[in-house]
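Subject: Structure for you to look at

Dear colleague,

I am handing over the structure we spoke about, and below it I have set out what was found in it. Please read the notes with the coordinates open beside you.

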Amino acid sequence: MLLRARLLLLLLGTSVLAAPLSLRSAAQEDSAPKFVRLADGRISGICIELLRAMEAIDPGLRISGLEQSLPLPRLERMLEQGQLDLACGLIHNPQRAEKFRLLRPALYTASYGFAIRRGDSARPQSWAELARVDGPRTVLAVSGSGVISKLSSLPGVSIDTSAISPRQNLVKLQYGRGRFFYYRLQGLQREILEAGLGEQIEVLPSVIDEYSFHLALSRSLPSPVVERLQAALLKLQADKTLARLILTWQP
């Protein structure tokens, strides 16, 4: 399929890909820098600019629904059921690879680590060190996050994924309803400051793991549509548009 997409890449900008193609998507709540709510209420971010760039190079392509924001679990459920055609910026894991088509190249990679309450002596720098921490080892993660499968495989670690946003997890961390909040390091400090918890919570500097984020497509999409989207993504990689977007939103 990748070879066919590369052949389609040669045709971008011609009438071959000008046939109308309307696809359904949605923004993801609390997911900066993928989707960022601006001061005037509009949604921007890596994914908005990426999908609009795909429309620009494929004149027949239109992606609707990006003005609405959905919690991640609902977004994934609708994508799996074919109610949405694509979702932008999902972490690659084995479960998602079975349910969706995850296009390559990855849109970007992100480093993940821990936030803790200030004064906590536990400062794990790896999964192995986390397993040796004395006392509770409850890790908070956002509901539906792609990192949950990794956390579930760790021995001796309790996982709480009931919160649907980073801020909810930070509040839980503040009140001791979890000991570690596992989240994307690029942006974690901003989430803490926006929650007004800079004096209560700190970010540990160590990178615990890295994850790749992808454009995820419904399995119900026909192969020609998948190849067309793949070709557009390859074009954005080739002309450095994708790299520029990442540098803008995730320096």
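The protein exposes about 11,400 Å², of which carbon and sulfur atoms supply 52%. Please bear in mind throughout that this is a predicted model, and that the values in this message were computed from it. Of its 251 residues, 53% count as buried, and the C-alpha trace spans about 65 × 40 × 30 Å along the principal axes. The secondary structure comes to ten helices and 14 strands. The radius of gyration is 19 Å, close to the 18 Å that the globule rule gives for 251 residues, so the protein is as compact as a globular protein of that length. As for how the chain meets itself, residues 24 or more positions apart account for 74% of the contacts with a separation of 6 or more.

The helix pair H2 and H9

Helix H2 covers residues 46-57, and helix H9 covers residues 223-238. At what angle do the axes of H2 and H9 cross? The two axes come within 10 Å and cross at roughly 105°, and since angles of 65 to 115 degrees count as roughly perpendicular, H2 and H9 are therefore described as roughly perpendicular to each other. On the H2 side the contact is made by Leu 50, Ala 53, Met 54 and Ile 57, which meet Leu 229, Ala 232, Leu 233, Lys 235 and Leu 236 of H9. By residue class this contact divides into eight nonpolar, no polar and one charged.

Two further residues of these helices deserve a look. Ile 46, in H2, is buried, with a relative accessible area of 0%. Leaving aside its neighbours within four places in sequence, Ile 46 is in contact with Pro 33, Lys 34, Tyr 108, Leu 245, Ile 246, Trp 249 and Gln 250. Leu 234, which is found in H9, is also buried, at a relative accessible area of 4%; its C-alpha atom is separated by 28 Å from that of Arg 42, a residue 192 positions away along the chain.

The loop between S2 and S3, and what lies around it

The loop between strand S2 (27-28) and strand S3 (36-37) holds Pro 33, and a cis peptide bond joins Ala 32 to this proline, with omega at about 5°. Pro 33 is among the contacts of Ile 46 listed above, while Ala 32 and Ile 46, 14 residues apart in sequence, lie 8.4 Å apart in space, C-alpha to C-alpha. Asp 30 is in this loop too, and its phi is near 50°, a positive value in a residue other than glycine. Is Asp 30 buried, partly exposed or exposed? With a relative accessible area of 47%, Asp 30 is partly exposed, as it falls between the limits of 20% and 50%.

Ser 44 sits in strand S4 (residues 43-44) and counts as buried, at 12% relative accessibility. Not counting residues up to four places away in sequence, Ser 44 touches Lys 34, Phe 35, Val 36, Leu 38, Glu 49 and Trp 249.

Strand S9 itself runs over residues 108-117 and includes Ser 111. This serine is buried, with a relative accessible area of 11%, and, not counting residues up to four places away in sequence, Ser 111 touches Tyr 183, Arg 184, Leu 185, Gln 186, Val 207, Asp 209 and Glu 210.

Finally, Lys 240 has a positive phi of about 75° although it is not a glycine. Lys 240 is found in the loop between H9 and helix H10 (241-249), and it is exposed, with a relative accessible area of 53%.

Technical notes. Residues numbered from 1 in each chain as written. Predicted model: local features only at pLDDT ≥ 70, side-chain atom pairs only at ≥ 80, totals over all residues. Heavy atoms only, no water. Helix = DSSP H or I, 4+ residues; strand = E, 2+ residues; numbered from the N terminus. Buried < 20%, exposed > 50% of the residue type's maximum accessible area, 1.4 Å probe, protein only. Contact = heavy atoms within 4.5 Å. Axes fitted to C-alpha atoms, helices over the stretch in contact; angles between N-to-C directions. Parallel < 35°, antiparallel > 145°, perpendicular 65-115°, else oblique. Nonpolar A, V, L, I, M, F, W, Y, C, P; charged D, E, K, R; others polar. Rg over C-alpha atoms; globule rule 2.2 N^0.38 Å. Areas by Shrake-Rupley, 256 points an atom, 1.4 Å probe, with all protein chains shown as cover.
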